[in-house]
Every structure is written in structure tokens, then in C-alpha cells.
Amino acid sequence: MKNTVFKFGAYGFFFALLVFLLVLYFGKELESSIQVIIGYVTMTLSSFFIFFGIKHYRDIENNGKVSFGQALLIGILIALIIAIGIAIADYIYTTVLNPGFFEEYKVMMLADGYEGTIPEYSSVFMAMLMSVTVLCIGFVVSLLSTLLLQRK
């Protein structure tokens, strides 16, 4: 089980890291709503490695069987690795590639007509927030994958 988690977690990690950084770097000129959609699509696509990890474990490593608990655990662990990749990508982007991101975000929000107080965010906080978001998406994908793939 450990090999499957690390293998598919690494696939999802590097996919998320690469695509997220590319989208953040090359998507600067896109509207904020398009950037948000692309971000969520990236997080969701990277979560597909959860399904393939559970399926690989069931079919290759465990003779065609996987319990609900095993499948869910594999999925959540893969999601955790992917979440770390997204958090690292977000942190790198807001500290190295675009250190003025938070100021740009404030300007964009005000230009879009936002009238409330815009809180001060740090790179660490945003990285943690992104990782929690990915974990939530990963949990849903893990649960759905578990229900589809479990065999006793």
C-alpha cells in the first residue's frame, strides 16, 4: 500500500506543482474569475491520481480486492501528498515568482467593485488554505473512488 500511495501521490504532486505554477505564471493576464476556474480545474485534475492509485492497488497489488477502509485511506494519503504540492506551488508563487501578488490582488478586488475590507494574507496562510481546499476535493474524490472501486 505504501508504494502505491507514494507512487500516485508523487504523480499527483508533480502534476499539481507543475500545472499550478505554469497557470499562475502564464495566466497573469487572464481575468481573475478565469484564473480561479483554472485553479480549481488543476486541483480537481490532480485528484484523479487518487482514483488511479486506488485502482492500481486493488488490481495490481491486492489481487483485485480492496476494502472500503483501505481504499479511503489510500485516497486520503494521496490527496495529502497532492495538497502539499499545491501548497508548495502557491508559496513559491507568492514569495518568489510574484512577491507583489497580495498587492495586485487588492487592486484587482477594488477594481472589480469590492467595497469591504480586504484582509492581509501571508504566503504561509494562503499555502495552507490551498492545501486544505485540495484536501477537501481529495476527500470527495477518495470517497467517490472508494465507492466505485471497493471489492471484498
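**The whole chain**

Keep in mind that you are looking at a predicted model. The chain contains 5 helices and 0 strands, so its pattern along the sequence reads α-α-α-α-α. Its C-alpha atoms fill a box of roughly 55 × 25 × 25 Å along the principal axes. Of the 152 residues in the chain, 39% are buried. The accessible surface comes to about 8700 Å², and carbon and sulfur atoms account for 70% of that surface.

Contacts tell you how the chain comes back to itself. Taking contacts between residues at least 6 apart in sequence, 81% join residues at least 24 apart. Charges are worth a look too: the mean position of the 9 positive charges and that of the 10 negative charges are 26 Å apart.

Now find helix 4, which covers residues 101–111. Phe102, Lys106 and Met109 are buried there. Why do these residues lie on the same side of helix 4? They cover an arc of only 65° around the axis, which puts them on the same side.

What covers the buried residues of helix 4? The cover includes helix 3 (68–97) and helix 5 (123–149). On the other side of helix 4, Glu103, Val107 and Ala111 are exposed. Just after helix 4 comes glycine 113, with a positive phi of about 95°.

**A cluster of rings**

The structure holds 9 aromatic pairs. Two of them involve phenylalanine 49, as the table shows.

| Pair | Centre to centre | Angle between planes | Type |
|---|---|---|---|
| Tyrosine 11 and phenylalanine 49 | 6.2 Å | 55° | tilted |
| Phenylalanine 15 and phenylalanine 49 | 5.9 Å | 55° | tilted |

Where do these partners sit? Tyrosine 11 is in helix 1 (residues 2–26) and phenylalanine 49 is in helix 2 (residues 32–61), 38 residues apart. Phenylalanine 15 also lies in helix 1, so its pair with phenylalanine 49 in helix 2 ties together parts that are 34 residues apart in sequence.

Phenylalanine 15, at 26%, counts as partly exposed, and so does phenylalanine 49, at 22%. Ring pairs also bring in Phe8, linking Phe8, Tyr11, Phe15 and Phe49 into a cluster.

Key. Residues numbered from 1 in each chain as written. Predicted model: local features only at pLDDT ≥ 70, side-chain atom pairs only at ≥ 80, totals over all residues. Heavy atoms only, no water. Helix = DSSP H or I, 4+ residues; strand = E, 2+ residues; numbered from the N terminus. Buried < 20%, exposed > 50% of the residue type's maximum accessible area, 1.4 Å probe, protein only. Contact = heavy atoms within 4.5 Å. Areas by Shrake-Rupley, 256 points an atom, 1.4 Å probe, with all protein chains shown as cover. Lys, Arg positive; Asp, Glu negative; His and termini not counted. Charge placed at Lys NZ, Arg CZ, Asp CG, Glu CD. Arc of directions from axis to C-beta. Phe/Tyr/Trp six-rings, centres within 6.5 Å; stacked < 30°, edge-to-face > 60°.
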